[in-house]
Amino acid sequence: MEIKNTFKASAIVLALALAGCGGDINITPTVNDTSVNNSNNTTTTTNEGNGNVDTGTDENPCASYDVSGSAVQGEYTGGNCEYSKNFVSPASPLSSDITLAKLDNGGVHFFKSSLVVGENCNTSDSCTLIVDGPTVEIEAGATLAFDDSSSRVQINRGANIEAVGTYSDPITFTSANAIASLKVSDAQPQDWGGIMIDGFGITDQCSDAERAAVTCNAESEGAVTYYGGNDNTDNSGTLKFVKIHYAGGLPAGAEEGNDLNSLSLFAVGSGTTIDYVDIYAGYDDGIELFGGAVNLKHVVVTDTQDDSIDIDAGWSGNAQFILIKHGSVVNAAGNTVNMGNGGFESDGTKVKDNNVAPSAPQIANVTVLTTDETSVRDGKASVAIKLDDFISATWYNTVLVKTTATQSYCFENSSDAEQVVVDGDVSMKNSVAACAVLGKSEAVGSTTFTNWLTDDADANNTILGGDADVIASNGFATIADLKVPFDVTTIDANFFESVDFIGAVSPTDTSSDWYDWAKDAYDNAMANEQ
């Protein structure tokens, strides 16, 4: 018996209703015909949007979902699964759970629009937030590819992403140009948009009154989505053993500076897991955090054009084991361009006086490897840490490296950060600054960067020159016995791990998943430099 499935009129009405409540692209829903011939146990798939039929006998492994009893499924072609905007797009987000399997023989899930999960809801437009929305599950070893700077993975409030890989079978989000069967040119930054996750956490972009009335609808950068709420424990899912390469686009029509990051975490709560993430060759920031309390662990950001980790809008999470490397990449024109602005851009507030404390994360076991170059992104210097907007962060067990500095330095600050430096609201502990030049300006208000780091003996910081021996021969781990670490388990034993070293990677570790993850990411970046 052959069952022919089509979009019903009710499904079209539903899609239009969802599009009216959010999204930034308008399309007219079209028929997607997927036929299953139960008599011979094979799947016949209609090519979405053009009516061509693939009559192959192989079972279709592509993701699918039902609309009003009718199946909608990606097209299996050339060993890849292709998903048109009729399968999913910002105007037609997924409202059902889907699973993206690991495909055989290196096949990839290729999205010709954006993978948008859940409704992009602005409650000011009479839209009802769905707290328990759909989930996209991505199996270990799966690869997702995109081919446009506006195309992205967008997890809206209430929806979830469960992307759980392993060291030996990671999940990869990348440019279609990094896939041999899809390549039209060499992969480079801005090939696709990146991952956006919107949460119900607290951001200073909303007031207490808006949070209480469920009218907190902060607008995201890059592509307009809505985020924020009153729950810093919110759970948006899991990213674990995930690679995000060549991301961070500038959507069509967007102003310069209103960009997509490789990974944007908008008011994401602490129930979300971000662990073992490798970000390479991004156009804007590697990770940007807009409030919330999500934690980060085992993160490597290499050769992204702007800031590697950008803190903003009252983020209050923790982070441990962060490796950052600035360097260079070869662009599609064959030119070598310098990558890396701030290792950390650390902003306390985006909107002041909304009863949200400035960003005050606890960040431990960090290594930032800078260059003496200026970023192709904006012509600004490669800096280890930038302090701005009343930031109240503390870095523990951190190693900052700047071997030479004729046009760059380790620290810079805005006038808004001067007083928090003077007052010690932002600090470093048990850390080493091996910097040819310490700060863009040594003076910070009524103090200096040297005094800030060393006046308090209990802070136990050391300032060394750029020629100091602090990095192991592998290029990314710290040398043995560099400094006694701070016991970060005294801050939060549920998150922080006890360590006997400072910096991101132990000098004695040669076999853990973290060592291998960091080494692979570092070696990949170094191999692509010229």
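Mentor: Happy to. Cys121 is buried, and Cys127 is buried too. Bear in mind as we go that this is a predicted model.

Trainee: Noted. How far apart are the sulfur atoms of Cys121 and Cys127?

Mentor: They sit 2.4 Å apart, and the two residues form a disulfide. A pair of cysteine sulfur atoms has to be within 2.5 Å to count as one.

Trainee: And how many disulfides does that rule give?

Mentor: The count comes to 4 disulfides. Another one of them joins Cys62 and Cys81, with 2.2 Å between the sulfur atoms.

Trainee: Is that link left-handed or right-handed?

Mentor: The link of Cys62 and Cys81 is left-handed, with -95 degrees about the S-S bond.

Trainee: Why does Cys62 count as buried?

Mentor: Because its relative accessibility is 5%, and buried means under 20%. Cys81 counts as buried as well, at 0% relative accessibility.

Trainee: What about Cys410 and Cys435, how far apart are their sulfur atoms?

Mentor: Those are 2.0 Å apart, and Cys410 and Cys435 form a disulfide. This link is left-handed, at -90 degrees about the S-S bond. Cys410 lies in the loop between β32 (394-402) and β33 (411-413), and Cys435 is in strand β35 (residues 432-435). That pair links distant parts of the chain too, with the residues 25 apart.

Trainee: Are Cys410 and Cys435 buried or exposed?

Mentor: Both Cys410 and Cys435 are buried.

Trainee: Changing topic, I was looking at Asn295. Where is it?

Mentor: Asn295 is in strand β24, which covers residues 295-302.

Trainee: Why is Asn295 classed as buried?

Mentor: Asn295 has a relative accessible area of 18%, and the buried class is under 20%, so this residue falls in it.

Trainee: Which residues does Asn295 contact, leaving aside neighbours within four places in sequence?

Mentor: Asn295 is in contact with Ile274, Gly317, Asn318 and Phe495.

Trainee: What does the side chain of Asn295 reach on Asn318?

Mentor: It reaches the backbone nitrogen of Asn318, at 2.8 Å.

Trainee: And Thr273, how far is that from Asn295 in space?

Mentor: Asn295 and Thr273 are 7.0 Å apart, C-alpha to C-alpha, with 22 residues separating them in sequence.

Notes: Residues are numbered from 1 along each chain as its sequence is written. This is a predicted model: local features need pLDDT of at least 70, side-chain atom pairs count only at pLDDT 80 or more; totals for chains, interfaces and linings use all residues. Side-chain values use heavy atoms; hydrogens and water are left out. Helices (H or I, at least four residues) and strands (E, at least two) are DSSP runs, numbered from the N terminus. Buried means under 20% relative accessible area, exposed over 50%, partly exposed in between (1.4 Å probe, protein chains only). Contact means heavy atoms within 4.5 Å. A polar contact is a pair of N or O atoms within 3.5 Å; within protein, one must be able to donate a hydrogen and the other to accept it, and residues adjacent in sequence count only if both atoms are side-chain atoms.
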